[in-house]
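Here are my notes on the model, point by point. Please read them with the structure open.

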Amino acid sequence: MGAPVSLDISSNSMSKSGRSISVRAGRFEFVKLNAPKFNFRDSYHFILTLTWPRFAALVLAVYILINLVFASLYLLGGRCIAELPPGSFYEAFFFSVETLATVGYGHMYPDTFYGHFVTTAEIVVGMFGMAAITGLIFVRFSRPTARLLFSKCAVISPFDGVPTLMLRVANQRHIAMAEAEFRVMLFRNEPTKEEAAVRRFYPLKLQFDRMIAFPVALTLRHVIEESSPLYGMNSEDLKASDTRLMASIVCIDTVIPAPVQSATDYSYNEILWNRRFVEIYTETDDGRLTVDYGRIHDTEEAGG
């Protein structure tokens, strides 16, 4: 078993701006204090992490803003656009919409150098904007997503006569994932020699942590032997130390192909003692194996 890992975060380089930023990891929520709220170079990442409704609202807002700016510029130029009614913001706005999309209906057109300059600038902005939006939409559609399912609880019960921590994972895609890698980490509060409580992290050794092919569902097992951080503990000990588990799967989607990752966490009250997962595999008469996904989360008494 690897050595425990502890975190030491220094705030010397952080500016005390008074801002707070919420970050979620599983069911944990962390609040960053005095951290920079936004960096312009993070714009691409920020846009890709937006939900589809927020992404659409952002695109619409930017589109309207650009047209409002150019409509104002056209009005400021006087009679720079032929047949544009003087002072008509409505007509200027929709002339901007047509120019930005390079539609060019022909009813109105630039009539001065100023008009030609502004329309040229807007066409360039439109070309760059269309390229950027097309790229963002393509990335959002093509980005691989993990459809990996974790059991709602973990269990501890004898397996081969030895207490074993178990949790179940399943592939919800209808193709086999490749080169699956499984990891489980335990973290809990522990007192130090100075009697201060710190959060310590322990990687748990699994009976197997890699699969060449991950077609359906399987159970991950950690044997609770003397070297295990769970050795000698019971449910009350887990509660007293606020013990939690974090489980992760990284594998390759063979259709794209691209790596995908999914993770979940379990609190101490989601670790069930003397329970085991029910059997979900059955073999048919023609030699095929059926897997009941409706019972992925079901458990039973270990002695049943």
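1. Angles under 35 degrees count as roughly parallel, over 145 as roughly antiparallel, 65 to 115 as roughly perpendicular, and the rest as oblique. Axes are lines fitted to C-alpha atoms, for helices over the stretch in contact, and angles run from 0 to 180 degrees between N-to-C directions. Helices (H or I, at least four residues) and strands (E, at least two) are DSSP runs, numbered from the N terminus.

2. Basis of the model. This is a predicted model, in which local features need pLDDT of at least 70 and side-chain atom pairs count only at pLDDT 80 or more, while totals for chains, interfaces and linings use all residues. Residues are numbered from 1 along each chain as its sequence is written, and side-chain values use heavy atoms, with hydrogens and water left out.

3. Who makes the helix 3 and helix 4 contact. Helix 3 brings Phe 95, Ser 96, Thr 99 and Leu 100. Helix 4 answers with Thr 119, Glu 122, Ile 123, Val 125 and Gly 126. Contact means heavy atoms within 4.5 Å. By class, this contact of helix 3 with helix 4 has four nonpolar, four polar and one charged residue. Ala, Val, Leu, Ile, Met, Phe, Trp, Tyr, Cys and Pro count as nonpolar, Asp, Glu, Lys and Arg as charged, and the others, Gly among them, as polar.

4. Thr 99. The cut-offs are under 20% for buried and over 50% for exposed, with partly exposed in between (1.4 Å probe, protein chains only). Leaving out residues up to four places away in sequence, Thr 99 touches Tyr 74, Thr 119, Glu 122 and Ile 123.

5. Helix 2 and helix 4. Helix 2 (residues 52-76) and helix 4 (residues 113-142) have axes that come within 11 Å and cross at roughly 175°. That angle makes helix 2 roughly antiparallel to helix 4. From helix 2, the contact residues include Trp 52, Phe 55, Val 59, Ile 66 and Phe 70. From helix 4, they include Tyr 114, Val 118, Glu 122, Ile 133 and Arg 140. The contact of helix 2 with helix 4 has 16 nonpolar, two polar and two charged residues.

6. The largest pocket. Its volume is about 390 Å³. On a 1 Å grid over the protein atoms alone, a pocket is an open set of points where a 1.4 Å probe fits, with protein on both sides within 12 Å along at least five of seven lines; lining residues have an atom within 4 Å of a point. Grid points are joined across faces, edges and corners, and the volume is the space filled by probe spheres set on the points.

7. The pocket lining. Of the 16 lining residues, Val 59, Tyr 63, Gly 129, Met 130 and Ile 133 are the closest to the centre of the largest pocket. Helix 2 and helix 4 each supply at least two lining residues. Helix 4 gives the most, with seven. The lining has 14 nonpolar, two polar and no charged residues.

8. Backbone points to check. Ile 256 and Pro 257 are joined by a cis peptide bond, with omega about -20°. Pro 257 sits in the loop between strand 12 (244-253) and strand 13 (258-266). Glu 83 is not a glycine, yet has a positive phi of about 65°. Glu 83 lies in the loop between strand 3 (81-82) and helix 3 and is partly exposed, at 47% relative accessible area. Asp 160 also has a positive phi, near 55°. Its place is the loop between strand 6 (154-159) and strand 7 (162-171), and Asp 160 is exposed at 73%.

9. Leu 76 of helix 2 is exposed, with a relative accessible area of 69%. Leu 50, in the loop between helix 1 (43-49) and helix 2, is buried at 13% and touches Phe 55, Leu 58 and Arg 140, not counting residues up to four places away in sequence. Leu 218 belongs to strand 11 (residues 217-223) and is buried at 13%. Leu 218 and Ile 280 are 62 residues apart in sequence and 9.6 Å apart in space, C-alpha to C-alpha.
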